[in-house]
Amino acid sequence: MPMLRGLWRKLFSLKTTLLLLSLLGFFFILGTIFPQGETLARYAQAGGKYIFFVKHLGLLHLFTSPTFLFIVFLFFLNLFLCSYQRLKGLLSRRPRPAFQRAELLREPFSRALFLRLHSPGGALQVETALKRAGFRRLRFHYQSPQCQRFVAQRGLPLKEISVFSHFCILLCLIGFVVTHLGAHEGEVTLYPGQSKDLNTLELRSFGPFGPRVNGLSLKLEEFLIEYSEHAKLDYPKDPHERLKRALDIGKPLVTFLPKPAPEGMTVKDYISRLVALKGERLLQKVDLEVNKPLTLGGVIFYQMAYEQSFDLLINGHPSLQGLSPEKEFTLPDHEGTFSIDYLTTGVLYLADGRKEEVVASGPLYHQRANASEGSKPTKVGMLTAESPFELNGLSLTLTAFKQGSVLSYRYDPGLGLLYLASSLFFIAMTVRSWGRRYTLRCLVEEEEGHGMVSFALASMGLTAKPEAVMERLEKALKEEAIFAKRRQWDEERRVL
Amino acid sequence: MLLYQGLLDQKVLLLSLEIRLFWLVVGLYLLSLLFHLLYFFEPTPPKWGKRATKLLLMGALLHTMVIFLRTIEAQRPPFQTLYESLSWFAWSGVVTYLFMKRKWRDIFASGFMVTLVALLACLYSLFVLSPEITSLVPALQSGWFLWHGILAFMSYAVFVVAASVEVTCLFFRASKNVASRYGLPSASLGLFRKEASRLILFGFPLLTFGIISGAAWANEAWGRYWSWDPKEVWSLITWTVFALYLHCLSLPKWRDLPASLLNLLGFICMIMTFVGINWLSKLLGIPSLHAYA
């Protein structure tokens, strides 16, 4: 039984928390050294080391491994029990205050004042002074007419807020579990004019919660890429040259080299113009962009990527159909392989504010047949849609160009809980760290119109200023004693 | 074409001015560092310390102008590229140190580390990185960019200053007789060390916001609030280490040297999160969604 009790105490001990946090930290570090979610074959192919240990210790799937999940479970248990114990402590009846003067005066922020008090009732005067200093009484012990004790507090309830913030971490962990068990994601590719019935998406429910996609469909009207004009910066790479230029006042440090399209273009945005329908009824028209997802029936759609397809006419004949960027192909009477990079097409926003349509064009690359491994293909020219390109007697024309949007979708039942729990956690933790609270222990020892008031102040929180509060307390107590003296004189004069 | 050429000429002028001012900032930080070094050899009277602080202040003011210029040129917050991020990081660290210094006027020792870190960051930017101003890529075009960036960097700056205070205290702990010559008699040493914990108490919520806002932003941009991306995980490691530090302060046996070591470990983790992960990702061939950051 003592062993069980010891083990029980260890479960909510702060030292256990330190140990568990350290273990979690260790796993996190390992997880940044080995690429998580990767297959062993691809890891080995990429030149990964220590294959034996990686395989048998499951280092590529650390965060879903039983060991890691067990540590997280222990952390959850520790956090829960710790928070529960602290909450129990806060809610339970506290023992009667029994501190003595010597004990109080050992504290760093403590004073003993000898004051004229209106006796009996000196304790009431002290309490009035404490109230004026912003304190409210928590506990009071009347030992005798000559001896009373107060515990008073001022400021935010930081201990309670701290417990609350720890419970919020628990809610976050629950949210992660709900995500792990219930979240589902996938991809859908749409070309302009195509629509997708959301019922056909691979989605699953999580208990009573699930996506509500009956009758909903999504249609792509247009996929657009926006570009902005970009001049290349001409600036030396050599550090000495950079310093030399900086010291050469009177000459420009940098120059810009305007580049023609498509080199002088950078992607500004990807836009999928979508129409959401319920049956035949239009629900909404929306421009889906990166950072502007669309929520439909509880499922969130994101702009993930795009894909292209085109045909290549050789000497006017439809020879190569359904090509895609970077897919290798061969040309008659030419050795090696060819490929066309992603075509640039969309709207270009010029630096002077004008807009220009960009006709689909992309570079043509050639890889020699006997090229060594790792050698890069050579650019042989730029192909523009519907414009013939001459290559060694062959006329190549890009045609039937199509561009589709790749949307990712995700259903996550844990998301709402996570947003709420993390926001509450952040607010509570910030208030706990930056707020302030003062706890005052006060001993009043009275004797015939005089009293020794001893007090000690403990503070919590970043913005706590115990020195200033001590001054304020002392001032409030002395003022109350002076008031008491004046009130007593008034009473004595009235009697006379 | 003429209008475009005019725009390019304006860019050349502004960027040249900005880079030259940045070099001047580096010069001031370098001088400040040298004066801090001289202060270590001749702490009394603290003339070298005072001069070092004045130079640091001048450098910070000029650095503010550089950042302001950058913001105007780029028409966005200036912490997209590594060049901009390092400049912002250096500036934040120096400003945080100067702010903390208001309370500890006679203590100059901790300025050395802050100035060194700021100087190294600025030198790396100027000598190695491209100062090119790039438009925001689609993934960065979000309201989160501003707040995630500002508060995360503010937390980094606070941790740099906390680490410098801790290093100073550890150094003088070992040689208490020397400490009083540097404005830190025994009574003040404990209070000065407490400043490190106060700084971490201030910076910890900022780091927490950085992680939470980063997760919310990732959810909006990529559809997943957590991908176990190396940068995300290192920020979590940093958070865990500082959480350990704060919990250690509650345990009497752990609040002294162990807590100090955790503070320094947290600083190293912060550096790893900020710049080390770019290097680690390249070294180990692990792709990171944060590769541009």
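Q: The charged end of A:R441 sits over the ring of which residue?
A: This is a predicted model in which local features need pLDDT of at least 70, side-chain atom pairs count only at pLDDT 80 or more, and totals for chains, interfaces and linings use all residues, while side-chain values use heavy atoms, without hydrogens and water. Residues are numbered from 1 along each chain as its sequence is written, and chains are lettered from A and ligands numbered from 1 in the order in which they are written. A charge sits over a ring if NZ of Lys or CZ of Arg is within 6 Å of the ring centre and within 35 degrees of the ring normal. The charged end of A:R441 lies 5.5 Å from the centre of its ring, which belongs to A:F99.

Q: How far from the ring centre of A:F99 is the charged end of A:R149?
A: The ring of A:F99 has the charged end of A:R441 over it. The charged end of A:R149 also sits over the ring of A:F99, and its distance from the centre is 5.9 Å.

Q: How many residues apart are A:R101 and A:E445?
A: A:R101 and A:E445 form a salt bridge, with closest N and O atoms 3.0 Å apart; the term means a side-chain nitrogen of Lys or Arg within 4 Å of a carboxyl oxygen of Asp or Glu. Helices (H or I, at least four residues) and strands (E, at least two) are DSSP runs, numbered from the N terminus. A:R101 belongs to helix α6 (residues 101-105) of chain A and A:E445 to strand β20 (residues 437-447) of chain A, so this pair links distant parts of the chain, with a separation of 344 residues.

Q: Which strand holds the salt-bridge partner of A:E222?
A: A:E222 forms a salt bridge with A:R273, the closest N and O atoms being 3.1 Å apart.

Q: What is the relative accessible area of A:D287?
A: A:D287 in strand β10 (residues 281-289) and A:R273 in strand β9 are 14 residues apart in chain A, and their side chains meet in a salt bridge (3.2 Å, N to O). A:R273 is partly exposed at 27% relative accessibility. A:D287 is partly exposed too, with a value of 33%.

Q: What is the angle between the planes of B:W23 and B:F127?
A: Rings of Phe, Tyr and Trp (its six-membered ring) pair if their centres lie within 6.5 Å; planes under 30 degrees apart count as stacked, over 60 as edge-to-face and the rest as tilted. B:W23 in helix α1 and B:F127 in helix α4 (residues 111-128) of chain B are 104 residues apart. Their pair is edge-to-face, with 5.1 Å centre to centre and an angle between the planes of 75 degrees.

Q: How many salt bridges does the rule find across the interface of chain B and chain A?
A: The two chains bury about 5,600 Å² between them, where buried area is the accessible area (1.4 Å probe) that two parts lose on being put together, summed over both. The side chains of A:E185 and B:R224 meet in a salt bridge (2.6 Å, N to O). Across the interface of chain B and chain A, the number of salt bridges found is one.

Key. Buried < 20%, exposed > 50% of the residue type's maximum accessible area, 1.4 Å probe, protein only.
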